[in-house]
Amino acid sequence: MTDGMKPRIYKYDNVKLLAIILVVIGSFADEFTSHSDIFRSWFVFSYSFTAPLFVFLSGLFQKQYDKEHKPNVQKISYYLLLGILLKLMIYFVRIIDGDDVRLDLLGGSGIEWYLFVVVDYMLIMYLFRKVHRYVMLSVAVVAGVVAGFLPLGDFLYLMRFFVFLPFYVAGYYLTPMKVRRFTHQLNVKLAGIAFILVYFVLCFRERDTIYPLQALFTGNNPYSAVPVEGCTFYHRLLCYGISAVLIISVLACMPNRKFPVLTHMGRNTLGVYFWHYPIVLLLWYWGVMDMFIPLGDPLWKYLMLVAAVALALLLSLSVFSLPLRKLSELIQKIPPKACLIADGTAAVIAVVLQYTVL
């Protein structure tokens with residue numbers, strides 16, 4: 001994750017592994033929120049910062065320019081292809097499960113949003129590369145706040161694009177070393193530990209107050225759809241503040257050391273993200289998830305948690321990321337112009353299919 005001969009900062013590998021484990025737990029917990037208050041608390045706690053954290057890290061480590069200051073077209077093509085493949089996998093799994101679903105090629109509410117939105121961010125940061133960083137960050141925050149008033153829906157993932165844009169911009173204008181130095185300070189670590197503990201307890205003790213905010217933390221809902229009375233822009237700002245402080249706190253608390261096996265797993269989070277949700281859907285289809293609840297409370301909750309962590313760690317093994325790496329290496333060999341033609345052709349086909357066949 002570092003350039004040239006600079007030593008690798010293991011903190012980021014460790015925090016990515018923790019975050020992706022929480023994402024998988026969140027995917028499990030989301031299916032059980034109707035059965036358990038505890039899982040509602042888990043869900044809102046993890047979603048308060050995991051998506052913003054990954055968006056922030058994507059901006060922090062963006063390598064979208066070559067020596068001629070042009071976007072990394074191959075990386076853009078790679079993310080677009082992964083997004084399409086993930087969307088198709090989820091669609092076919094739902095079809096197998098008997099769900100009456102429609103394939104939306106121009107948006108949606110699925111987890112593939114991250115891959116498409118990061119592509120948009122790469123392009124936006126290139127187009128506005130001459131804009132002052134403070135102006136860009138201010139505009140991003142305003143755009144994220146204003147988006148809540150607009151009926152953007154799931155078209156082109158625009159709601160999530162605007163909502164999470166401030167985190168990408170913030171990461172883009174920082175450097176991994178600056179973030180490491182800031183979060184390495186003792187007072188930041190102590191404050192981070194205190195904030196995580198307090199917020200974690202509040203998610204359980206004040207569940208009825210905090211859980212409705214999950215509709216804001218997921219980033220795909222207008223204010224009118226949030227089950228909070230009078231929800232408006234200052235609720236979005238509150239969520240921005242919570243997410244930002246949690247990101248800083250988690251980074252501050254994470255050791256910058258190499259743990260055997262685990263730290264290396266932190267390099268494979270994209271593979272976990274890509275594979276885990278279709279597997280969770282299949283587990284429901286095969287009836288595996290239904291086996292938890294009859295085991296009785298609290299045993300089924302502990303087993304569900306163990307299963308989620310086990311799946312995250314299993315998918316963090318390099319063998320599951322190997323197909324993605326091979327695909328990335330293959331795309332890197334394709335000339336940028338050919339990638340642009342392929343991306344443009346895919347976009348045209350998607351629009352035609354969306355408005356004529358699907």
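**Pocket, cavities and a helix pair**

I begin with the second largest pocket, which holds about 810 Å³ of space. Please bear in mind that this is a predicted model. The lining of this pocket comprises 31 residues, and those nearest the centre are Leu80, Ile84, Phe116, Ala346 and Ala347. Two or more lining residues come from each of H4, helix H5 (113-127) and helix H17 (336-356). Which of these elements gives the most to the lining? That element is H17, with 11 residues. In terms of residue class, the lining of the second largest pocket consists of 25 nonpolar, three polar and three charged residues.

How many cavities of 30 Å³ or more does a search of the whole structure find? The search finds two.

The largest cavity has a volume of about 60 Å³. Around this cavity lie Pro52, Val163, Phe164, Phe167, Leu216, Phe217, Arg236, Cys239, Tyr240 and Ser243. At least two of the lining residues are supplied by each of helix H7 (158-172), helix H11 (214-217) and helix H12 (233-253). The greatest contribution is that of H12, with four residues. Sorted by class, the lining of the largest cavity has eight nonpolar residues, one polar and one charged.

For the second largest cavity, the volume is about 30 Å³. Its lining is formed by Gly108, Gly153, Asp154, Tyr157, Met159, Arg160 and Asn220. Here the classes are two nonpolar, three polar and two charged residues.

Two packed helices are described by the angle between their axes and the distance between the axes. For helix H4 (residues 73-96) and helix H16 (residues 318-332), the axes come within 9 Å and cross at roughly 140°. H4 and H16 are therefore oblique to each other. Their crossing is right-handed.

Which residues meet at this crossing? From H4 come Gln74, Lys75, Ser77, Tyr78, Leu81, Leu82 and Leu85, and from H16 come Leu324, Arg325, Leu327, Ser328, Ile331 and Gln332. By class, this contact of H4 with H16 has seven nonpolar, four polar and two charged residues.

Thank you for your attention.

Definitions and conventions: Residues are numbered from 1 along each chain as its sequence is written. This is a predicted model: local features need pLDDT of at least 70, side-chain atom pairs count only at pLDDT 80 or more; totals for chains, interfaces and linings use all residues. Side-chain values use heavy atoms; hydrogens and water are left out. Axes are lines fitted to C-alpha atoms, for helices over the stretch in contact, and angles run from 0 to 180 degrees between N-to-C directions. Angles under 35 degrees count as roughly parallel, over 145 as roughly antiparallel, 65 to 115 as roughly perpendicular and the rest as oblique. A crossing is left-handed if the near helix is turned anticlockwise from the far one by less than a right angle, and right-handed if clockwise. Contact means heavy atoms within 4.5 Å. Ala, Val, Leu, Ile, Met, Phe, Trp, Tyr, Cys and Pro count as nonpolar, Asp, Glu, Lys and Arg as charged, and the others, Gly among them, as polar. On a 1 Å grid over the protein atoms alone, a cavity is a set of points where a 1.4 Å probe fits but cannot get out, and a pocket is an open set with protein on both sides within 12 Å along at least five of seven lines; lining residues have an atom within 4 Å of a point. Grid points are joined across faces, edges and corners, and a volume is the space filled by probe spheres set on the points.
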